[in-house]
Amino acid sequence: MGKLFDYLATPILSLILVLALYKFDLVCWENSCELIKAFPTIGTCSFGFLLTMFTVIIQGDNSAIQRMRVRKKPFIKFVSFNKYVVILSFCSTLYAYTIGNFSFPKSFTGIDYLVDIFYLLLIWFILQTIYFLIVFYILVKGSIN
């Protein structure tokens, strides 16, 4: 698609969804604590998967990867998009680990805002990963045909 869609559509959609969650008061620390504490494991696995895909794409020597490399512009765009998703995965995981393992004082009133930020990152990460996989399979399919 276009660079605008690749890099701006999912954060904007994520922000809209989180604003809806916030407006209707659907998430709070008590509901989300376990998910936030469990997310670093999920995020780390996703980070490893995305990094492995990056390595396969860069170092792969099969015919589909070779044909992908011939199409320079889509290949360079795809590699930079992969880097973007890997960095988003790392940031989401680090954020979840930090707020999930930090002891907040009882008087701290901003915990629900931190939870909303977590959901923003989570939704953004999920949408970007799905979009990345769709683009990957489209490129591979186009290289095989």
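This is a predicted model: local features need pLDDT of at least 70, side-chain atom pairs count only at pLDDT 80 or more; totals for chains, interfaces and linings use all residues.
**Entry: Asp25**

I checked the backbone here and found that phi of Asp25 is near 50°, a positive value in a residue other than glycine. I jotted down the general rule beside it: most residues other than glycine have a negative phi. Is Asp25 buried or exposed? It counts as exposed, because its relative accessibility is 61% and the cut-off for exposed is over 50%.

**Entry: the core**

Next I went looking for the largest nonpolar core, which has 38 residues. Which of them touch the most other members? My list reads Ile36, Ile57, Met68, Phe78, Phe118, Tyr119 and Phe132. Then I asked which elements give two or more residues to this core, and wrote down helix H1 (3-23), helix H2 (29-59), helix H3 (63-70), helix H4 (72-100) and helix H5 (111-144). H5 gives the most, with 15 residues.

Setting aside neighbours within four places in sequence, I found Ile57 in contact with Ile65, Met68, Arg69, Phe75, Phe78, Val79 and Phe136.

**Entry: H2 against H3**

Ile57 turned up again when I looked at how two helices meet, as one of the H2 residues in the contact with H3. At what angle do H2 and H3 pack? The angle is about 80°, and the axes are 8 Å apart. That makes H2 roughly perpendicular to H3, because angles of 65 to 115 degrees count that way. From H2, the contact is made by Val56, Ile57, Ile58 and Gln59, and from H3 by Ile65, Met68 and Arg69. I sorted these contact residues into five nonpolar, one polar and one charged.

**Entry: two buried residues in helices**

I turned to Ser92, which has its place in helix H4. Its relative accessible area is 1%, so Ser92 is buried. Leaving out neighbours within four places in sequence, its contacts are Phe39, Leu121 and Phe125.

Gln128 is found in helix H5. Is Gln128 buried or exposed? Gln128 is buried, because its relative accessible area is 0%. What is it in contact with, apart from neighbours within four places in sequence? I wrote down Asp6, Thr10, Pro11, Phe81, Tyr84, Val85 and Leu88.

**Entry: sequence distance and space**

Gln128 and Pro105 are 23 residues apart in sequence and 34 Å apart in space. Thr41 and Thr93 are 52 residues apart in sequence and 8.1 Å apart in space. While I was there, I noted that Thr41 lies in helix H2 and is exposed, with a relative accessible area of 54%.

**Entry: cysteines**

How many disulfides does the structure hold? My count is zero. Cys28 is in no disulfide, and the nearest cysteine sulfur to its own is that of Cys33.

Note on methods. Residues are numbered from 1 along each chain as its sequence is written. Side-chain values use heavy atoms; hydrogens and water are left out. A nonpolar core is a set of buried Ala, Val, Leu, Ile, Met, Phe, Trp, Tyr and Cys residues joined through side-chain atoms within 4.5 Å. Buried means under 20% relative accessible area, exposed over 50%, partly exposed in between (1.4 Å probe, protein chains only). Helices (H or I, at least four residues) and strands (E, at least two) are DSSP runs, numbered from the N terminus. Contact means heavy atoms within 4.5 Å. A disulfide is a pair of cysteine sulfur atoms within 2.5 Å. Axes are lines fitted to C-alpha atoms, for helices over the stretch in contact, and angles run from 0 to 180 degrees between N-to-C directions. Angles under 35 degrees count as roughly parallel, over 145 as roughly antiparallel, 65 to 115 as roughly perpendicular and the rest as oblique. Ala, Val, Leu, Ile, Met, Phe, Trp, Tyr, Cys and Pro count as nonpolar, Asp, Glu, Lys and Arg as charged, and the others, Gly among them, as polar.
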